[in-house]
Amino acid sequence: MIDKVIKLLVGLFSNKVAEQAKEKVEEQPSLNKPKIRTTDRKISIVIDPGHGGSDPGAISGDLKEAQLVLEISACLVKMLDQAGHNVHITRADNHNPLSRNERIKRIKAAKANILVSIHANSYHKPAYGIETLYNSTKRGSKGLASYIQKSMMGSFSSHKDRGIKERNRLYVLKTMSPAVLVEVEFINTAGDFIKDNTEKIAEAVFHGIQNYIEKKK
Ligand SMILES: [Zn+2]
C-alpha cells in the first residue's frame with residue numbers, strides 16, 4: 001500500500017515537473033513559429049521620425065524638420081496605441097543622433113508588420129505639395145502608400161497632390177515590407193502649415209494606416 005502511495009506521489013510529482021518544464025519551453029519564443037498567432041493577431045507598427053540629434057534635416061527659418069516630424073510621430077504613436085496596435089518608434093526625442101545603421105537596427109528589431117517614416121520635404125526653389133514614397137519591390141508598400149496619400153489629400157484638399165512615388169533606393173524603404181515614407185509638405189514653403197497642424201497631419205496618416213489594415217483583412 002505504502003509502495004503504491006509512493007508510486008502515485010512520484011507519478012504526480014514527475015507529471016508536475018514535466019508540466020512545469022513544458023510550460024517553460026512554451027514560454028520561450030520559438031524561432032520557427034511566428035510570434036503572433038493568427039487568432040490573436042495584433043498589428044505591430046513602427047513609426048520612424050526622420051533625422052534627429054545632430055542631423056536636423058531640412059531647415060527653414062527657426063523650423064527644423066527633425067523636430068516637426070518628431071511631433072507628428074508622437075501624435076501618431078498615441079493614436080495607433082489607442083487603436084490597440086503595438087507601436088514602436090525609432091527615436092522618441094531629439095537629443096541623440098540616430099545613425100543609419102542604428103535606425104535600420106531599430107526598425108528590424110521591432111519585427112513590425114508596417115513601417116511608416118515621417119519627413120518634411122524641401123527644395124531650393126518654391127515647391128509645394130504632399131507625397132508618399134514607397135519601394136515597389138517590397139510587398140504591400142504601394143498599397144499602403146496609396147491609402148496614406150489618399151487620406152492626406154482628403155484632409156488637406158487645398159494642397160497639391162504630388163501622388164505616390166517609387167523610390168526603391170531609399171535605405172529606410174529597403175528595411176522591411178510594407179514600408180513607406182510620407183513627405184508631409186515642403187518646409188521651405190509650408191513650414192508654418194506643418195508646425196500648426198502636427199496633430200491633424202498625424203490623424204490623416206493614422207486613418208491611411210487604418211484603412212490599409214481594414215482593407216487587408
Ligand atoms: Zn527628411
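Which residues have the most contacts inside the largest nonpolar core? They are Ile45, Val116, Ile148, Val180 and Val205, in a core of 51 residues. A nonpolar core here is a set of buried Ala, Val, Leu, Ile, Met, Phe, Trp, Tyr and Cys residues joined through C-beta atoms within 7 Å. A residue is buried if 20 or more other C-beta atoms lie within 10 Å of its own, exposed if 12 or fewer, and partly exposed in between, with C-beta atoms placed from the backbone.

Two notes apply to every stop. Residues are numbered from 1 along each chain as its sequence is written. The model is predicted: local features need pLDDT of at least 70, side-chain atom pairs count only at pLDDT 80 or more, and totals for chains, interfaces and linings use all residues.

**The whole chain**

Select the chain and colour it by secondary structure. Of the 217 residues, 38% count as buried. Two residues are in contact if their C-beta atoms, placed from the backbone, lie within 7 Å; among contacts between residues at least 6 apart in sequence, 79% join residues at least 24 apart.

**Strand 6 and its partners**

Select residues 130-134, which form strand 6. Are the five residues of this strand buried or exposed? Five of the five are buried. Ile130, Thr132 and Tyr134 point one way, while Glu131 and Leu133 point the other way.

Strand 6 pairs with strand 7 in the parallel sense over five bridges, and with strand 8 in the antiparallel sense over four bridges. Leu133 stands opposite Lys165 in strand 7, and its bridge partner in strand 8 is Leu181. Tyr134 stands opposite Glu166 in strand 7. The bridge partner of Ile130 in strand 7 is Asp161.

Follow the chain from strand 6 through helix 4 to strand 7: this β-α-β crossover is right-handed, meaning that, with the strands pointing away from the viewer, the path from the first strand over the helix to the second runs clockwise.

**Helix 4**

Lys150 lies in helix 4. Because 18 other C-beta atoms lie within 10 Å, Lys150 is partly exposed. The C-alpha atoms of Lys150 and Val205 are 55 residues apart along the chain and separated by 9.4 Å.

**Helix 6**

Select residues 198-216, which form helix 6. Its 19 residues should span 27 Å at 1.5 Å a residue, and its end C-alpha atoms are 27 Å apart, which agrees; the expected span is 1.5 Å times one less than the number of residues. The buried residues of helix 6 include Ile201, Val205, Phe206 and Ile209.

Ala202 is also found in helix 6. Why does Ala202 count as buried? It does so because it has 23 C-beta neighbours inside 10 Å. Ala202 touches Ile72, Cys75, Leu76 and Met79, not counting residues up to four places away in sequence.

**Return to the core**

Finally, select Ile45. Leaving aside neighbours within four places in sequence, Ile45 is in contact with several residues, including Leu80, Val87, Val116 and Ile209.

Methods
Helix = DSSP H or I, 4+ residues; strand = E, 2+ residues; numbered from the N terminus. Pairing = 2+ DSSP bridges.
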